[in-house]
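Here is a short report on one structure. Look at the model first, then read on.

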Amino acid sequence: GKVIHFLNPRVQASIQANTYIISGPNDTKPLQDLLPGIVSQLGMDNISQLQNFAASAAAGGVGAAATPEVVEDDDDEVPDLVDGNFEEVSESK
């Protein structure tokens, strides 16, 4: 895959809005070019994830790692409204 590599990044943050801006001179580079410098900064759990990523990329080619499997998540849907008067229910308790 490709990553955006910032040579001298500047970070601006608005904590209240949960917004962060990273700006500065940048290049788009292949991940393999930056990997030797990244590995020394990873923890053991990240290294195992990287090994799994490399194994899946080697087994299925470049396209297998670039398109992760989509999992349906129905937890974010709004539930259907039920019939009835909510105020009557709350007053009866």
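## A pair of strands

In this predicted model, arginine 10 has a bridge partner in β3, and that partner is serine 23. β2 and β3 run antiparallel, and five bridges join them. β2 spans residues 10–14, while β3 spans 19–23.

How many of the five residues in β2 are buried? The count is zero, so β2 is hardly covered. Buried here means under 20% relative accessible area.

## The loop between the strands

β2 and β3 form a hairpin with four residues between the strands. Isoleucine 15 lies in this loop.

Is isoleucine 15 buried or exposed? Its relative accessible area is 59%. The cut-off for exposed is over 50%, so isoleucine 15 is exposed. Asparagine 18 counts as exposed because its relative accessibility is 59%.

Asparagine 18 has a further feature, in its backbone. Its phi is positive, at about 55°, although asparagine 18 is not a glycine. This positive phi sits within the hairpin of β2 and β3.

## A nonpolar patch

Which residues make the nonpolar surface patch? They are Val11, Ile15, Tyr20 and Ile22. The patch covers about 440 Å².

Ile15 is one of the patch residues, and it lies in the loop between β2 and β3.

How values were computed
Residues are numbered from 1 along each chain as its sequence is written. This is a predicted model: local features need pLDDT of at least 70, side-chain atom pairs count only at pLDDT 80 or more; totals for chains, interfaces and linings use all residues. Side-chain values use heavy atoms; hydrogens and water are left out. Patches are made of residues with over 30% relative accessible area and no salt bridge: like charges are joined within 9 Å, nonpolar side chains (Val, Leu, Ile, Met, Phe, Trp, Tyr) within 5 Å. Accessible areas come from the Shrake-Rupley method with a 1.4 Å probe; for residues, only the protein chains shown count as cover. A salt bridge is a side-chain nitrogen of Lys or Arg within 4 Å of a carboxyl oxygen of Asp or Glu. Helices (H or I, at least four residues) and strands (E, at least two) are DSSP runs, numbered from the N terminus. Buried means under 20% relative accessible area, exposed over 50%, partly exposed in between (1.4 Å probe, protein chains only). Two strands pair if DSSP finds at least two bridges between them.
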